[in-house]
Amino acid sequence: MSDAPSNEPASRGRSCLAIILAAGEGTRMRSALPKVLHRIAGRTMLAHVLSAVTEAGSNEVAIVVGPGRDDVAAASRAVLPAAVIVTQAERLGTAHAVLAARGSMLAGVDDVVVAFADTPLVTASTIARLRRPLAEGAAMAVLGFEAANPTGYGRLLLEGQRLVAIREERDASDEERRVTLCNAGLMALRGDVALSLLEAIGNTNAKGEYYLTDAVEIAAARGERAVVVTAPEAEVAGVNDRAQLASAEAALQSRLRAAVMAAGVTLVAPETVFLSSDTRIGRDVTVEPNVWFGPGVTVGEGAVIRAFSHIEGAEIGEGAIVGPFARLRPGAVLREGVHIGNFVEVKNAVLGAGVKANHLAYLGDAAIGAGTNVGAGTITCNYDGRAKHRTTIGEGAFIGTNSSLVAPVSIGDRAYVGSGSVITDDVPADALAIGRGRQVVKAGWVTSQKT
Ligand code: UD1
Ligand code: MG
């Protein structure tokens with residue numbers, strides 16, 4: 001893979017329309033969910049492809065969905081509101097699918113990139129490399145790979161450096177089937193010829209489909225140049241079933257782990273740490289084994305994430321210590337130097353600098369001021385069976401162990417709450433609140449019971 005920046009100079013300044021084929025139902029997934037909405041590293045395969053084409057310089061994106069697939073359309077809009085959604089009413093082949101986006105091509109564009117939404121590991125830099133030959137005059141560029149087992153793939157037929165045809169498995173001669181250089185499915189076409197090439201494609205082949213791949217022979221017959229750009233097989237792997245989904249997940253996790261380590265993060269046992277595509281981890285953070293990062297997590301420099309923590313939608317400040325066995329849920333914001341210990345759950349709560357909650361607590365829908373100590377077993381009772389309520393705690397406060405803070409409730413700066421309290425009324429600053437039954441000691445009670 002090239003280390004060059006994703007948007008390579010040759011394509012800079014050229015407009016680009018990406019057409020994403022997302023019409024596949026993916027029956028082998030055996031799922032109620034369309035295939036392209038299955039997730040790897042916390043986001044849908046469709047979103048991965050959308051982000052790669054966008055990063056590779058596409059300024060316009062058209063997404064081809066199957067009939068009635070409002071869910072795919074909605075997911076597309078959620079990721080890329082400007083995307084044009086078109087429907088392929090009948091499944092008549094890949095060229096037919098691309099032509100569903102004819103309207104977007106008519107507007108006139110320098111480059112057209114075609115990508116499959118079920119091929120989620122393709123990088124932006126590979127797509128940018130695929131566009132480059134167009135800037136140098138080629139009519140089209142096809143992404144190829146050396147297949148360990150080429151069965152089922154279209155074979156790339158070359159004459160010298162020129163690509164002269166792509167032969168689908170079913171239509172190939174025995175000699176052509178021995179070719180191991182295969183079509184990954186991604187293609188870039190020069191905008192001024194794309195539509196006329198696509199419209200010239202017929203369906204006289206073994207499958208009776210309009211094959212996108214036939215564009216190559218048509219271009220060659222017109223004296224136009226078609227070329228192959230190669231990528232490693234692992235990058236162009238398609239996902240058709242749950243086993244391939246798991247392989248794609250594993251491949252992407254390795255890539256994400258390598259990237260965070262390269263950016264200065266220590267992963268003690270990298271293969272046990274699971275990241276999301278959007279996980280942002282600062283320099284000199286240490287992540288101990290068996291940690292899960294769901295979507296939307298940022299970790300500040302120098303923080304330590306101890307073993308077996310489950311973290312999603314959380315912001316962790318510089319130098320914070322989290323875990324072992326901590327759970328941070330969406331809306332957890334830990335400022336600098338916060339300590340969250342074992343079996344502490346934080347949700348939708350902002351913990352000011354230096355707050356400590358080291359053991360066994362639930363802190364939900366809360367704001368806790370800097371320097372406050374939250375004792376073991378503290379619970380913010382945020383739910384009354386109907387609605388959620390907030391708990392506010394000031395700075396430098398001390399919440400004794402095993403306290404129940406019944407929200408809505410507020411505890412002032414520097415206030416103390418006695419252990420075992422059930423706090424239902426606000427506590428002013430600098431006060432001590434005790435809300436528990438008084439201890440009764442009955443001397444000699446045990447002997448008085450004996451008869
Ligand atoms: C296609 C290529 C083949 C390549 C292989 C790589 C063609 C003709 N063949 O074959 O050269 O080696 O991918 O995986 O392009 N789709 C639609 N509408 C259709 C047909 C397909 O949207 O009418 C979508 C599918 O959902 C899928 C993609 O296009 O995402 C590829 O279609 P598929 O049927 O999987 O083509 P292959 O036979 O795998
Ligand atoms: Mg396929």
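## Second largest pocket

In this predicted model, the lining of the second largest pocket comprises 12 nonpolar, seven polar and five charged residues. This pocket has a volume of about 630 Å³. Of its 24 lining residues, Glu 55, Leu 252, Arg 255, Leu 256 and Ser 277 lie nearest the centre.

At least two lining residues come from each of helix H1 (45–55), helix H5 (124–135), helix H9 (242–262) and strand E14 (280–281). H9 contributes the most, with five residues.

## Largest pocket

The largest pocket holds about 1,200 Å³ of space and is lined by 41 residues. Nearest its centre are Arg 91, Thr 94, Phe 116, Asp 118 and Lys 207. Strand E1 (16–22), H3 and E10 are the elements that give two or more residues to this lining, and E10 provides the largest share, four residues.

By class, the lining of the largest pocket consists of 15 nonpolar, 16 polar and 10 charged residues.

## Ligand 1 and its surroundings

Ligand 1 sits in the largest pocket. Helix H3 (94–99) and strand E10 (181–190) are the elements that give two or more residues to the shell around the ligand. This shell has 19 residues, the closest being Gln 88, Gly 93, Thr 94, Glu 168 and Asn 183. Eight residues of the shell are nonpolar, seven polar and four charged.

A polar side-chain atom of Gln 88 is placed 2.7 Å from a nitrogen atom of ligand 1, while a polar side-chain atom of Glu 168 lies 2.7 Å from an oxygen atom of the ligand. Asn 183 approaches through its backbone, with a polar atom 2.6 Å from a ligand oxygen atom. The protein covers 85% of the 750 Å² of accessible area that ligand 1 has on its own.

Note on methods
Residues numbered from 1 in each chain as written. Chains lettered and ligands numbered in written order. Predicted model: local features only at pLDDT ≥ 70, side-chain atom pairs only at ≥ 80, totals over all residues. Heavy atoms only, no water. Near = heavy atom within 4 Å. Polar contact = N/O pair within 3.5 Å; in protein donor to acceptor, adjacent residues only side chain to side chain. Areas by Shrake-Rupley, 256 points an atom, 1.4 Å probe, with all protein chains shown as cover. 1 Å grid on protein atoms, 1.4 Å probe; cavity = no way out; pocket = protein on both sides within 12 Å on 5 of 7 lines; lining within 4 Å. Sits in = over half its atoms within 2 Å of the grid points. Nonpolar A, V, L, I, M, F, W, Y, C, P; charged D, E, K, R; others polar. Points joined across faces, edges and corners; volume = space filled by probe spheres on them.
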